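Thank you for asking me to look over this structure. My comments are set out below for a reader who is meeting the structure for the first time.

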Amino acid sequence: MKTLEDLKALREKLKADMKVRQNDGTKIIIGMGTCGIAAGAREVMSAVLNELAVRKLNDVQVQQTGCIGMCEKEVLVDIVRPGEPRITYGKVKPEDVKKIIAEHVVNGRIVEEMVVGKIMQD
Amino acid sequence: MQHIRAHVLICGGTGCKSAGSKEVQLAFSRAIEAKGLSDEVMVVETGCHGFCEHGPLVIVYPEGTFYCQVKAEDVEEIVESHLFKGRIVERLLYHEPLTHESIPNYSEINFYKKQHRLVLENCGAINPEQIEEYIAVGGYEALAKAVTTMSPEDVIEEIKKSGLRGRGGGGFPTGMKWQFAKASVSDKKYVICNADEGDPGAFMDRSVLEGDPHKILEGMAVCGYAIGADEGYIYVRAEYPLAIKRLRIAIEQAEAMGLLGENIFGSGFSFKLHIKEGAGAFVCGEETALMASIEGKRGMPRPRPPFPAVAGLWGKPTNINNVETFGNVAAIITNGADWYAGFGTEKSKGTKVFALTGKINNTGLAEVPMGITMREIIYDIGGGINGGKKFKAVQIGGPSGGCLPESMLDLSIDYDSLTAAGAMMGSGGLVVMDEDTCMVDVAKFFLNFTQSESCGKCTPCREGTKRMLEVLTRITEGQGREGDIELLEELARNIKETALCGLGQTAPNPVLSTLKYFRHEYEAHIKEKRCPAGACEKLANYEITDACKGCGLCARQCPVNAISGEVKKKHVIDVTKCIKCGACMAACPFKAITKG
């Protein structure tokens, strides 16, 4: 390490690994109620984690939530990009995850055909 | 490979470790493995969060959920419920004692709300054994900024402007100290970090070293650059094995990355650090004694001048600061002196870490801006007195400090107002006492401490504190005489004026401050042979009240057969035989024995 810039570059790289401990950035929220788990939420979660690792998106937060009453549409996956509405995708299968991450998380384009709800955030 | 979606931060400070956090950590690793979550959940051991009363503490991110008093048997539930399904385990959250409301996030807890964490910023938030985590939160940027963009004069100017004062007790302006060391011309200079934390009840330095060791290394390196030193020592007591271990790891990691060692950031500045383990003598916290100890000599103070800035370690110019002082340096350099001077009062800038102990609900570490009142620290952060008892006094500043009564609770806490009140900032130990504490006994406790820690070099301290302790002992044993208070005052004055070092000069403070605010307690002991708090055993009078059923249990327990009476009739204690052991009181099933 020879300059302040070297240190700052290293810091940027290391910061992403600590992102889990900050409450900002893009969030992926998976419905892990009994209904969600029965519909395969765990497999969806694994697919999400796998895809994030492949794409090295280590600043994306993955959270879980309970049943929101739309059990029919499980597995439910919400994507929240900072400053954008919370989009809920329904009947998500592990094989859909790649597309949702590529389109919505990375490029900000909502995958309209899978959306079941939209919540405006303050 | 998997994306790490959750971090489980487990406090690995000495407090939480002794409460079983190591077992909790092992249980987490096992349960996470069993649940197949090893690739997506990371377990991190951190330093102290300060909320030691409620340890072991566990924080789960990304939610930031704060779990208290976690036991190994709770872990499976946290893993199954929280980590697997995302459901918070309500029963392990912190419950506000007054409202019984459960609080999931620690920034919402009263204990943390009033705090302002600069020095403790990373304690409990990062893994102290990984330099990467320190760098990720901005670590070593102050050092880089100092050595590549600032001159040593700029650094000293910045520290002076910030208003930082020594956190070890005296409160000497840090920038001035650095300037004196810089002004000394020599082929060799040293930087020393005084981590010989010895005040009873103080543990803030230990927590900083355990929780964020790199911050101290960085502060020392900046100081080395400023004064022109290329070598430094951390003098830390051997009773702090965890702090020593983490410091060693930190130095090794910093050297491996070129952040310590030769030619740091290509600036030509080199800095090497050593650890010196102290044997735990209180006097070695005194700077000249500390340096003697590093040199391998017996730890005894010497007269000043010459001050260390002129002739210190091995006769070379040396700058000594306390752990917490160095803990402030990086933030000042990174954010600027004006930012730092925005905290605190006119003459006491920044924050101070206090160790809360004694009869207080939330034992732990709290960092607050200077100028906050004692009441806010004790009641808002500390949660008040435990067991619903009444507050009596707070001892601040350790054996060199003093006791402040209830009337001083609204005093603003800064160096000068505390000194004016007869106490001192000291290292920041706060021992809270309730109505059951005898103030003469407290003074005796602290004098007993300084007496046994006196190095014996100068007569006033060696003999004077011994005489004072004798007088205090006889007062608490009911042998106090007319004139004892005056004798204590005279001895105190002489010791203060003539002792060689700070230890001796401040040793009478606990006696003087209790005499100032609680003189009536001394008088009650001497004139009425009575301890108003009921704490002095030799002065206690045990009496059997009318609630006595005459069961005879007490009489059988009494080791000196001082209790007599007929069965089913009220018993009596023969005060001439009674040795005040309290065995009768403990044995009575009807609470018919009182102590007064």
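Predicted model: local features only at pLDDT ≥ 70, side-chain atom pairs only at ≥ 80, totals over all residues.

1. Chain B holds 23 helices and 19 strands, and its C-alpha trace spans about 90 × 65 × 40 Å along the principal axes. A compact globule of 596 residues would have a radius of gyration near 25 Å, and because chain B has 27 Å, its value agrees with that expectation. Buried residues account for 54% of the 596 residues in this chain, and of its contacts with a separation of 6 or more, 72% are between residues 24 or more positions apart.

2. Chain A has 4 helices and 5 strands, which follow one another along the sequence in the pattern α-β-α-α-β-β-β-α-β. Its C-alpha atoms fill a box of roughly 60 × 30 × 25 Å along the principal axes, and 33% of its 122 residues are buried. Of the contacts in chain A between residues at least 6 apart in sequence, 69% join residues at least 24 apart.

3. The largest nonpolar core contains 182 residues, and the members that touch the most others are B:V58, B:V222 and B:V394. Helix 10 of chain B, residues 213-227, gives the most to this core, with 9 residues. Apart from this core lies another, of 26 residues, which includes A:M32, A:C35, A:V75 and A:V92. Returning to B:V58, and leaving aside neighbours within four places in sequence, one finds this residue in contact with B:V8, B:L9, B:I10, B:V24, B:Y67 and B:V70.

4. Strand 1 of chain A (residues 27-31) runs antiparallel to strand 3 and is joined to it by 4 bridges, with A:V77 as the bridge partner of A:I30. Strand 4 of chain A (residues 86-89) is also antiparallel to strand 3, through 3 bridges, and here A:D78 has A:T88 as its bridge partner. The hairpin formed by strands 3 and 4 of chain A has 5 residues between the strands, and A:G83 takes a positive phi near 80° there.

5. Is B:L539 buried or exposed? This residue is found in the loop between helix 21 (509-527) and strand 16 (542-544) of chain B, yet B:L539 counts as buried because it has 23 C-beta neighbours inside 10 Å, where 20 or more are required. Not counting residues up to four places away in sequence, B:L539 touches B:G478, B:H525, B:K529, B:R530 and B:C531. B:I109, by contrast, is 430 residues from B:L539 in sequence and 43 Å from it in space, C-alpha to C-alpha.

6. Finally, where the two chains meet, 30 residues of chain B are in contact with 26 residues of chain A. On the side of chain B that touches chain A, strand 1 (6-11), helix 5 (131-136) and helix 6 (141-149) of chain B each supply at least two residues. The residues on that side of chain B divide into 12 nonpolar, 9 polar and 9 charged.

Notes. Residues numbered from 1 in each chain as written. Chains lettered and ligands numbered in written order. Contact = placed C-beta atoms within 7 Å. Nonpolar A, V, L, I, M, F, W, Y, C, P; charged D, E, K, R; others polar. Buried ≥ 20, exposed ≤ 12 C-beta atoms within 10 Å, placed from the backbone. Pairing = 2+ DSSP bridges. Core = buried A, V, L, I, M, F, W, Y, C linked by C-beta atoms within 7 Å. Rg over C-alpha atoms; globule rule 2.2 N^0.38 Å.
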